[in-house]
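Have a look at the model, then read on.

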Amino acid sequence: MERLKHALKCVSSTYAFSLKILLMKLETRAIHAGLHEGEATKSIAPPLHLTTIFQHPETGFSPENFGYSRYDNPNRRQLETLLTDLEGGAASLAFGSGMAAIAAVVQSLKPGDSILAPIDIYNGTRRLFNEILAHWSVDIEYIDMTDATAFEQGLKNKPTLVWIETPSNPRLLITDLDAFISKSKQVGAKVVVDNTWMTPILQQPLKFGADVVMHSTTKYMGGHSDVLGGALIFREKDTWFDQVKVIQQIGGAVPSPFDCWLLYRSIRTLPYRMRGHCENARKVANYLARHPRVERVYYPGLPSDPGHTIALKQMKDFGGMLSFQVKGANAQETLAVVAKAKLISRATSLGAIESLWEHRKTSESPTSPTPDNLIRMSVGLEHPDDIIVDVEQALS
Ligand SMILES: *Cc1c(COP(=O)(O)O)cnc(C)c1O
């Protein structure tokens, strides 16, 4: 229904073609949605608008027109329209990085507000909350978001905002979106879901009632380790959206037109890349689960994983990420396994075509709760047999 409403809006504002696109499947929409946004020439591949300024109409500047590139530009509008469409939201805001998107959300909070966040959370988000936000008299509480009782306890303090990350980073813990979002709503909290690891191809938190979906578009959306970006997709075009849009336009942490162009280009192949990531990660996870040197695999696709049943309920597939612990290894020995890889690159980040892995604790901080023997892996799109051969020799 939301998509239909959005489609009808698009018809009046742009092209009747948009209506047809919005009723098609994800794979089709990923390639066509937003293409003609602000683009009169209707080129098949969108042009890159490097201009910072646009001619005002004779009646002077109006927000519907492009005026100044920090406020809006055709490439950003194409990207935002595409993201809105794929997540099934009402409107989106693109930023220069995932962290800039998170910072925009927290800048909309006031002193005295509070956040309920998961213990296992992207390290940058934790640092932003602890090292920056804490100075603004916003209270942050971390709880285990796989535990319904702990969650209900946390909600008793009536948080302004509930931050959910599922699967979480780096232990791929699964939070029940349906149950936890509806409980949050009962106490009047706003809910943001960091959907970076799943992408809208595999999980759509707005359908479960989340207010905002956040992405580091640096990861699967970009997919080629060559562009930083972030985005917020809102379920409603409400006053909160207007407020965060002011933070985007006036705060100015915006992506360049080229960043938007690269992201728009990459997202067009996202549905098919995600199929490959899921298929390859499944094979690597099953291989690791049987390996004598592996203590534990964190991957919600394994039937033995504690999050498996909930994952089946809310995810279309299990994604391309996994973590595992090397049996009996200390940090040094775990680093040695990582260093032995020949095909898999030793690097942080994730979601790109090439396989990457890292000793996660050294990328986080000595105080992070991540185990010393944990390796986090982003399974790429090489042939799975070649990836497994490399994992095998690194563990030998
Ligand atoms: C990378 C990442 C971020 C931060 O995004 P940047 O683009 O690096 O600023 C936030 N959340 C998750 C889950 C991430 O993986």
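1. Two strands count as paired if DSSP finds at least two bridges between them; strands (E, at least two residues) and helices (H or I, at least four) are DSSP runs numbered from the N terminus. The model is predicted, so local features need pLDDT of at least 70 and side-chain atom pairs pLDDT 80 or more, while totals for chains, interfaces and linings use all residues. Residues are numbered from 1 along each chain as its sequence is written, and side-chain values use heavy atoms, leaving out hydrogens and water.

2. Start with the open sheet: seven strands in the order 1-7-6-5-4-2-3, with mixed pairing. Strand 1 (91–95) and strand 3 (139–143) stand at the edges with a single partner strand each, so one side of each has no neighbour in the sheet.

3. Strand 1 pairs with strand 7 (residues 230–234) over five bridges, in the antiparallel sense. Here alanine 91 stands opposite phenylalanine 234.

4. Now for the charges: there are 17 salt bridges in the structure (a side-chain nitrogen of Lys or Arg within 4 Å of a carboxyl oxygen of Asp or Glu). One of them joins aspartate 211 and lysine 185, at 2.7 Å from N to O. Aspartate 211 lies in the loop between helix 9 (199–202) and strand 6, and lysine 185 in helix 8 (residues 177–186), so the pair ties together parts 26 residues apart in sequence.

5. Aspartate 211 is buried at 9% relative accessibility, whereas lysine 185 is partly exposed at 32% (buried is under 20%, exposed over 50%, partly exposed in between, with a 1.4 Å probe and protein chains only).
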